[in-house]
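Subject: Structure handover

Hello,

Here is the structure I promised to pass on. Please open it first, then read my notes below.

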Amino acid sequence: MLGAFFPGNKTVELIDFDDPTPGEDEVILEMKASGICGSDLKSYRGTYVGKATVNGKIIAGHEPCGIVVAAGKGVGLKAARIGARTMVHHYKGCGCCHDCMSGWTQICPDRQASYGLTAHGGHAKYLKVPASTLIELPETLSFEAGAAISCGSGTAWGALKRMDYSSRHPILVVGQGPVGQAVTQFAVSLGGYVIAMDINDDRLQRAKELGAASVVNSSKIDARQAIDDMTQGKGVPFVVDTSGSASGSLDAVCCASVWGKVVFIGMGSSVTMNVSEHLIRKQLTVYGSWTFSKSWQLDCAEYVARHAVQVEDLFTHRWQLEQVDEAYRLFDKQETGKAVIVFD
C-alpha cells in the first residue's frame, strides 16, 4: 500500500509499505478519511523527527477514521467488530497506569506511540492500532466528521470541557485557524457570545460565518483596547488561545476578566508576563489542555451527532492520497481552513 511520509524538507513522499496484519489485541482499519492537522507541519517542515519505525519512515496522519476490516486474536470489543465504523484515540500507553485507565493515554509516563508521529498513521489505505484505541463513530456522522473529531474538533471540545464552559457566556477565541474555528463553532452551538481574534481577515470572515458575534484583527488594532471597548473595561470571562504565538498568548491573558478562565491549546509559544498584574490580582485560572481523553472524544462525537453540529463545514479542502504533497504545500501557508484526505 502507498503511505505518506515526511522527509522533512517541506515535501511529502508516497512510499510503498507492506499491508499491515493484526497482532493479538490489534485491528486493521480501512481508512475512509484522514485529517490534516496543524501539528503535522512540525514534521513536514523538519522541526520534529519522530522515532523511526519501518526503515526509518513513518506514515503520517493522526486524525484517522475508517472501518474495521481485520482483528487479531483476543479482540472482542464492540467497537472492534468487523465492519465497525470507528475513530482512533491516536495514542498508545502502557494500559495499566492511572492516566491510561482514565483515558488520558497521551500523559502515560510509558507512552509507546503517537499514531502518525512516532508510529504509522492514517495517510494510507490501512492502519494497524490496538483495539483499545477505538472510539465508535455514531451512525449519523460521516467519516469526515470522525476525522475532525479525532483531533482538531476534539481538541476544541476538550478545551471547553477543561474550563467547564457553560452556555451563553461571552468567550474570546484567540486564533482562528482550524482548531480556533472549531472552538468558535462549538461555543456558538452552546449559545455563547463569541469574540474571534486573528491576524487574517479571511479567517475572521469565516469565524463570522460560523456564528462569531464580533471579530478583532489584532494586526490592525490593539487587541486589549478593542476588548476593553467591547466589554466596558471588564474583559472576557472565558478565553481560549489556539494561536501558539507569544503575542496571542499574552493577549489571551490580558483580555481575560477578573475571575476569568484561560485555556491554552496552541503549542509553540513562550510568554513573559507580569504575574502580579496578569494573574494574581485578576484571580485568574489558567489551564493547559492537551487534546482530550478517550471518554471526551466519545462525548464530543455524541454531542456532534445529537445537536447536528456540522463539523465537516470546517473542511475547505478535500484531497485524494495521490494529491498529498499538493495538500500540504497549500496547508503550510496557514491561510486556509482544515483539510482532509478522503479514500474511495
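Helices (H or I, at least four residues) and strands (E, at least two) are DSSP runs, numbered from the N terminus. Glutamine 185, for example, sits in helix α5, residues 178–189.

Two points on the source. This is a predicted model, so local features need pLDDT of at least 70 and side-chain atom pairs count only at pLDDT 80 or more, while totals for chains, interfaces and linings use all residues. Residues are numbered from 1 along each chain as its sequence is written, and side-chain values use heavy atoms, with hydrogens and water left out.

Overall picture

The protein has 11 helices and 17 strands. Its radius of gyration is 20 Å, close to the 20 Å that the globule rule gives for 344 residues, so the protein is as compact as a globular protein of that length. That radius is taken over C-alpha atoms, and the rule is 2.2 Å times the number of residues to the power 0.38. Along the principal axes, the C-alpha trace spans about 60 × 40 × 35 Å.

Buried residues make up 53% of the 344. Buried means under 20% relative accessible area, exposed over 50%, and partly exposed in between (1.4 Å probe, protein chains only). Contact means heavy atoms within 4.5 Å. Among contacts between residues at least 6 apart in sequence, 67% join residues at least 24 apart.

Cores

A nonpolar core is a set of buried Ala, Val, Leu, Ile, Met, Phe, Trp, Tyr and Cys residues joined through side-chain atoms within 4.5 Å. The largest one has 43 residues. Met163, Ile171, Phe186 and Val304 touch the most other members. A second, separate core of 31 residues includes Tyr115, Leu321, Ala327 and Tyr328. In soluble globular proteins, nonpolar side chains tend to be buried together.

The contact lists here leave out residues up to four places away in sequence. Phe186 touches residues including Trp157, Leu160, Tyr303 and Val304. Glutamine 185 is buried too, at 8% relative accessible area. Its contacts include Leu210, Val309, Val311 and Leu314.

Most residues other than glycine have a negative phi. Which way does aspartate 25 go, positive or negative? Its phi is positive, about 65 degrees, although it is not a glycine. Aspartate 25 lies in the loop between β2 (13–16) and β3 (26–36). It counts as partly exposed, at 40% relative accessibility.

Glutamine 334 also has a positive phi, about 55 degrees. Its place is the loop between α11 (324–331) and β17 (338–342). Glutamine 334 is partly exposed, with a relative accessible area of 43%.

Two more residues to look at

Valine 75 is in the loop between β4 (64–71) and β5 (85–88). It is partly exposed at 22%. What does valine 75 touch? Asp25, Glu26, Val27, Ala80 and Ala131, not counting residues up to four places away in sequence. The C-alpha atoms of valine 75 and aspartate 25 are separated by 5.0 Å, though the two are 50 residues apart along the chain.

Alanine 113 lies in strand β7, residues 113–114. It is buried, at 7% relative accessibility. Its contacts include His90, Tyr91 and Lys92. Lysine 333 is 220 residues away along the chain, and the two C-alpha atoms are separated by 28 Å.

Best wishes
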